[in-house]
Amino acid sequence: MAVYIDSSDRLLHDQAHSLALTCPHCLVLAHITPMAVPPFSELSLYRPRQIGIVYRCDACNSPIFLRFNVRSYGAQRIELSAQFTEIERPREKFTFTYLPEAIETLFREALLCYSHGAFNAFTSMCRRTMQTAFELLGEPGKLRLFDQLNELREMAQIDATSFTVLKRVIFGSDSDPGGGLPILEDDQAGILLEVMKDLLYQAYVRRGRLQQAMVVRRFFSDQTDRSGAAATYAATATAAAGAASLSSAASGVRAADAARNTT
Ligand SMILES: [Zn+2]
């Protein structure tokens with residue numbers, strides 16, 4: 001695969017039509033189009049070992065910065081390495097709303113480490129996050145999470161080696177003999193990420209969402225009770241007036257109908 005900049009400042013990339021990546025802005029796997037390429041004359045003058053090119057995400061039009069190593073400087077073309085570094089990587093997302101602040105702070109940093117490909121820093125932050133969660137949830141909470149991890153193993157069909165590693169990261173402690181953090185492979189870091197999200201979701205987000213939904217439900221059911229009572233009162237008052245006027249009775253019916261419509 002050849003990538004080069006020619007003496008007319010054009011970027012020539014024989015795989016350009018299939019150049020796609022996950023956009024760090026819209027998170028869509030999209031084709032990218034070069035927008036700003038450094039001029040040939042400047043590059044030839046300064047001969048940097050790495051150069052930056054700005055692309056446009058075809059899905060959301062945001063700029064995407066890529067860095068390439070220069071392979072060689074020629075009289076007519078500057079050849080670049082086909083591999084590039086993404087300067088901004090897609091950020092991992094999570095619903096932080098229901099997490100206690102101490103856990104949110106740590107897990108946000110864990111996700112930041114993951115997004116930057118710093119998998120060992122990510123592993124350390126996962127352990128700190130879970131240690132804080134265990135402190136807050138107490139022993140029963142910790143046991144629940146342990147059961148959940150076992151459940152996850154079956155559901156997600158995690159292999160035995162990766163599972164041992166995950167368990168050590170999440171439930172191990174720095175003071176255990178041999179409890180030091182293992183070095184994770186890229187794919188194990190990916191599994192750890194999904195497991196962490198699920199454990200925190202079950203421990204906090206699911207419960208928080210349910211509790212909020214219940215509060216909203218109770219609020220509307222109280223509202224309905226109150227408006228129902230008001231309609232009954234109106235109807236009784238109308239009857240007590242001896243149906244002196246048909247129009248007032250009709251308005252009582254309308255009030256009762258209106259009350260029914262709010263349920
Ligand atoms: Zn995009």
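Q: Leaving aside neighbours within four places in sequence, which residues is Asp 58 in contact with?
A: Asp 58 is in contact with Ala 30, His 31, Ile 32 and Thr 33, where contact means that the C-beta atoms of two residues, placed from the backbone, lie within 7 Å. Residues are numbered from 1 along each chain as its sequence is written. The model is predicted, so local features need pLDDT of at least 70 and side-chain atom pairs count only at pLDDT 80 or more, while totals for chains, interfaces and linings use all residues.

Q: Where does Asp 58 lie, and what makes it partly exposed?
A: Asp 58 sits in the loop between β5 (50-57) and β6 (63-73). A residue is buried if 20 or more other C-beta atoms, placed from the backbone, lie within 10 Å of its own, exposed if 12 or fewer, and partly exposed in between. Asp 58 has 13 such atoms, and is therefore partly exposed.

Q: How many helices and strands does the protein chain have?
A: There are 6 helices and 7 strands, taken as DSSP runs numbered from the N terminus (H or I, at least four residues, for helices; E, at least two, for strands). From the N terminus on, their order is β-β-β-β-α-β-β-β-α-α-α-α-α. Of the 263 residues, 17% count as buried.

Q: What places the buried residues of α2 on the same side?
A: The buried residues of α2 (residues 101-115) are Ile 103, Phe 107, Ala 110, Leu 111, Cys 113 and Tyr 114. They cover an arc of only 155 degrees around the axis, so they are on the same side of α2; the arc is that of the directions from the helix axis to the C-beta atoms. After α2 comes Gly 117, with a positive phi near 75 degrees.

Q: How do you know that the buried residues of α4 line one face of the helix?
A: In α4, Val 165, Leu 166, Val 169 and Ile 170 are buried. Down the axis they fall within an arc of 120 degrees, so they line one face. The face turned away from them carries the exposed residues Ala 160, Thr 161 and Thr 164.

Q: What makes Gln 157 exposed?
A: Gln 157 is in the loop between α3 and α4. It has 7 C-beta neighbours inside 10 Å, so it counts as exposed. Although not a glycine, Gln 157 has a positive phi of about 50 degrees.
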